[in-house]
Amino acid sequence: MKNVITALDVHDVRFPTAAAGDGSDAINRGDYSATYVSLKTDAGVEGAGFTFTNGRGNEITCAAVRALAHHVVGRSVEEIFADPVAFWRSLSADVQLRWLGPEKGVIHMATGAIVNAVWDLRAKLEGKPLWRLLAEMPTEELVRSVDFHHITDALTPDEAAAILDKGLAGMDERLAELSRDGFPSYTTSVGWLGYPDDKVRELTRQAYAEGWRAMKMKVGGPIEDDVRRASIIRAEIGPDALLMMDANQVWDVDEAIANMELLAEFDPYWIEEPTHADDVLGHARIQQSVAPIRVATGEVAANRVIFKQLLQAEAIGVMQIDACRVGGVNEVLSEILMAAKFGVPICPHAGGVGLCEYVQHLAIFDYLRVGTSLDGRMVEYVDHLHEHFVDPVRTRDGRYLLPEAPGYSATMKPASIAEFSFPDGPVWR
C-alpha cells in the first residue's frame, strides 16, 4: 500500500510570551510562534512538522509553506524516500522560489517545516521514534539522505559512510546507558535578560535544587549588568557547575573579545553567538582570543555551507545545530556528520516552541551512531510550552529521558492549535 500525502495544512500558532520576558535576550523579545504543518495521508496517519519564529512574520513563513506545498502533496512516502535528495532539492532548489534564499531565511525555514513533517510521518508509519529510525537505518540509506552538494571539500559520501559504519560498534551499550541515565542537558530558564536580579537568583536556586549542573545566562546588555548577573548565578551554583553565556549576536568582534575579558572571572564554559551569525572569520578571531573559553554558535546558521566554513576556519569549539532553521532532517544529518569529521561536539539549540521536542532526537542519534561520545555534549532545555505537545519532553535530574512514542515529537494538541491560532484564536481576540 502506498502512503500518499493527500493534503497539507498550515497553522499560524503564536504564544504571548513577550509580556513575561520569557525568551528575552540582547536582541529578541518576542511571542514564541510556530509555523505548524500537518500532512494528511490516504492511510489516515498524519505527519507533523513546524518551524519556530518569534511572532510577527510567522504569517510570512506560513505563506512560504503554502508556496512549496505542491512539491509534497500527491507524492507517496515511499516515492519520497526512494530518492530523498531529489525530494529535498525540489523544495530547497525550487527553480523560482530559491531566489528568495537561496537556502536561507523564510523560504528555507518553510522547507524545514515540510521536510520535518515528512520524517515525522515516516517514523509514525514505521512505529518508531525518529531517533531510533535514524540510528537503525542502514549506512547506505543515511548517506543517500544527505545532499553533499557544496560540502564535498569538507565531507565526502565515503567519509560519511565510514563514520556511520564505525558508529555501529557499541551502539547497544550506548543505548542502554541512555535508557538508564538519560541524555545530559543544560537549562536556559534561569537567565533571560528581561528578568530582574531577584528572579534570576530564585530560578537559579530552584534549577540547582532540581538537579541542573549546567546553566546558561543571557549577556549583551550593559556590561556592568552582565557582570553583576553572572556574579549572582556563579555564587548560587558554586565553582563546579557549568555556566554558559549567550550574547545573541549583539557584539562587534572587538567588543566581544573585550567583554569576555571582563566576564572570564566567572569561568564561562562557552560564549554563544558572540557576533553576527554570518561572520565566520569574526568567530574565528574571537575563538582564538578567548580560548580556553569555547565559542558556540549555530542556532541561526542558515545552512550546511555556513557550518562547513565555521568548522574549516576552526571558529567554534561547540556546534549548535537547530532542527528547523535549516532545511530539516536531511540537512541536519550533513551537519552532524561534518561535526564528527572535524571533532567538534554538538550541543543543539532548543527552547522556543517545540525545539526541545525536536532536538532530543537529533542529539540521541548523534550519540548512538555518529559522535559516539557524551564528552562536551548537552541539549539545551527551556521549561516553556511543552504542555501543548502530544509527546512532550521528559527530564529527570537535569537529563532528557528517551522519547518512546513513534514520530518526531512534533504533534501539537488540537486544542492548543485552536486556542493560540493567530489572529482568530481566543487568546488573540
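Mentor: The model is predicted.

Trainee: What makes strand 3 count as mostly covered?

Mentor: Seven of its seven residues are buried. Buried stands for under 20% relative accessible area.

Trainee: Which strands of that sheet are at the edge, and what makes them edge strands?

Mentor: The sheet is open, has three strands in the order 1-2-3 and pairs in the antiparallel sense. Its edge strands are strand 1 (5-14) and strand 3 (47-53), as each of them pairs on one side only. On average, and with direction ignored, neighbouring strands in this sheet are turned by 15° against each other.

Trainee: How do you know that strand 2 and strand 3 are joined, and in which sense do they run?

Mentor: Two strands pair if there are at least two bridges between them. Strand 2 (residues 33-41) and strand 3 have seven bridges and run antiparallel, so by that cut-off they are paired. Among the partners, Y36 is bridged to F50 and V37 to G49. Five residues lie between the two strands of this hairpin, and G44 there takes a positive phi near 85°.

Trainee: Which helices lie across this sheet?

Mentor: Helix 1 (residues 58-68) lies across strand 1, strand 2 and strand 3, at about 175° to strand 1.

Trainee: Why is T61 called buried?

Mentor: T61 has 2% relative accessibility. The cut-off is under 20%, so T61 is buried. T61 lies in helix 1. Leaving aside neighbours within four places in sequence, T61 is in contact with T35, T51, T53, V106, M109 and A110.

Trainee: Why is strand 7 called largely enclosed by the rest of the structure?

Mentor: Five of the five residues of strand 7 (residues 268-272) are buried, so the term applies.

Trainee: What makes strand 7 a partner of strand 6 and of strand 8?

Mentor: Strand 6 (residues 242-246) pairs with strand 7 in the parallel sense over three bridges. Strand 8 (residues 294-297) is likewise joined to strand 7 by three bridges, and these two run parallel. The cut-off is at least two bridges, so both pairings qualify.

Trainee: Which β-α-β units include strand 7, and what is their handedness?

Mentor: One unit consists of strand 6, helix 11 (residues 253-263) and strand 7, and is right-handed. Another consists of strand 7, helix 12 (residues 280-290) and strand 8, and is right-handed as well. The term applies if, with the strands pointing away from the viewer, the path from the first strand over the helix to the second runs clockwise.

Trainee: What do the buried residues of helix 11 pack against?

Mentor: They pack against helix 10 (223-237), strand 6, strand 7 and helix 12. The buried residues themselves are V253, A256, I257, N259, M260 and L263.

Trainee: How many aromatic pairs are there?

Mentor: The count comes to twelve aromatic pairs. In one of them, the rings of W212 and Y381 have centres 5.2 Å apart and planes at 15°.

Trainee: Why is the pair of W212 and Y381 called stacked?

Mentor: The centres lie within 6.5 Å and the planes are under 30 degrees apart, so the pair is stacked. W212 is in the loop between helix 9 (197-209) and strand 5 (214-218), Y381 is in strand 10 (residues 379-381), and the two are 169 residues apart. Relative accessible area is 5% for W212 and 9% for Y381. Both values are under 20%, so both residues are buried.

Trainee: Why is the pair of Y269 and W270 called tilted?

Mentor: The ring centres are 5.9 Å apart and the planes are at 50°. Stacked needs under 30 degrees and edge-to-face over 60, so this pair is tilted. Y269 is buried at 16% relative accessible area, and W270 is buried at 0% relative accessibility.

Note on methods. Residues numbered from 1 in each chain as written. Predicted model: local features only at pLDDT ≥ 70, side-chain atom pairs only at ≥ 80, totals over all residues. Heavy atoms only, no water. Buried < 20%, exposed > 50% of the residue type's maximum accessible area, 1.4 Å probe, protein only. Helix = DSSP H or I, 4+ residues; strand = E, 2+ residues; numbered from the N terminus. Phe/Tyr/Trp six-rings, centres within 6.5 Å; stacked < 30°, edge-to-face > 60°. Axes fitted to C-alpha atoms, helices over the stretch in contact; angles between N-to-C directions. Contact = heavy atoms within 4.5 Å.
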